[in-house]
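Open the structure and keep the sequence beside it.

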Amino acid sequence: MTFRPNLKALAIAASLLLGTAVSSHARSINWGSAVDDTLLYSAGGSLGDDVVFQLGSFGTGFTPDASNMSQWLPNWKVFDQAAAPASSGWNSAEGLFSSTATLNSDGTSTYLSPYTFAEGEQAYIWAFKVDQTLANGGEWALVTNDSSDG
């Protein structure tokens with residue numbers, strides 16, 4: 001899956017997640033793609049309704065890379081999700097995804113997730129086709145921002 005998101009939008013979501021995880025009040029985090037993003041399957045062609053986008057973290061102490069892909073799912077903490085149909089955040093006809101979740105004052109998300117997010121966790125968007133395995137025609141894209149984009 002080729003996923004070339006507008007990293008400014010991701011940077012905003014990530015900075016909110018990283019910088020305000022445990023604060024005295026809740027904060028809404030709006031995240032998603034931008035009009036000029038390019039979202040394609042690895043063989044080309046626009047992404048379909050079978051793709052799910054999740055905003056989350058691997059916590060502290062784990063950095064995902066090609067050498068530890070088998071450990072991504074066990075370490076993944078979902079903050080929010082966008083999926084088809086468009087009313088759930090993924091509009092495949094337009095090629096846009098977006099969602100909003102609240103980071104509660106206790107570090108948890110309003111998404112159906114039992115995870116607590118600590119200040120300093122790196123935010124990622126994990127897009128996947130079929131499921132979060134690479135079996136049965138699955139595809140992944142994992143994107144994040146880094147300190148070079150401000």
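A residue counts as buried when its relative accessible area is under 20%, and as exposed when that area is over 50%. Keep in mind that this is a predicted model.

Start with Gln54. It is placed in strand S4. Its relative accessible area is 5%, so Gln54 is buried. What do the polar contacts of the Gln54 side chain join it to? One, of 2.7 Å, runs to the side chain of Gln81. Another, of 3.1 Å, runs to the side chain of Gln132.

Now turn to the rings. The structure holds 14 aromatic pairs. One of them joins Phe53 and Phe97. This pair is stacked, with 3.9 Å from centre to centre and 10° between the planes. Phe53 belongs to strand S4 (residues 51-57) and Phe97 to strand S7, so the pair ties together parts 44 residues apart in sequence. Both Phe53 and Phe97 are buried.

Phe58 and Tyr124 pair edge-to-face. Their centres are 5.1 Å apart, and the angle between the planes is 75°. Phe58 sits in the loop between S4 and helix H2 (72-75), while Tyr124 sits in strand S8, so this pair ties together parts that are 66 residues apart in sequence. Phe58 and Tyr124 are both buried. They also belong to a cluster linked by ring pairs.

Charges come next. Side chains of opposite charge can pair when their charged atoms come close. How many salt bridges does a search of the whole structure find? It finds one. Lys77 forms it with Glu121, and the closest N and O atoms are 2.8 Å apart. The pair links distant parts of the chain, 44 residues apart. Lys77 is in strand S5 (residues 77-82). Glu121 is in the loop between strand S7 (96-103) and strand S8 (123-129). Both Lys77 and Glu121 are buried.

Lys129 lies over the face of Tyr41, at 4.8 Å from the ring centre.

Technical notes
Residues numbered from 1 in each chain as written. Predicted model: local features only at pLDDT ≥ 70, side-chain atom pairs only at ≥ 80, totals over all residues. Heavy atoms only, no water. Salt bridge = Lys/Arg side-chain N within 4 Å of Asp/Glu carboxyl O. Helix = DSSP H or I, 4+ residues; strand = E, 2+ residues; numbered from the N terminus. Buried < 20%, exposed > 50% of the residue type's maximum accessible area, 1.4 Å probe, protein only. Phe/Tyr/Trp six-rings, centres within 6.5 Å; stacked < 30°, edge-to-face > 60°. Lys NZ or Arg CZ within 6 Å of the ring centre and 35° of its normal. Polar contact = N/O pair within 3.5 Å; in protein donor to acceptor, adjacent residues only side chain to side chain.
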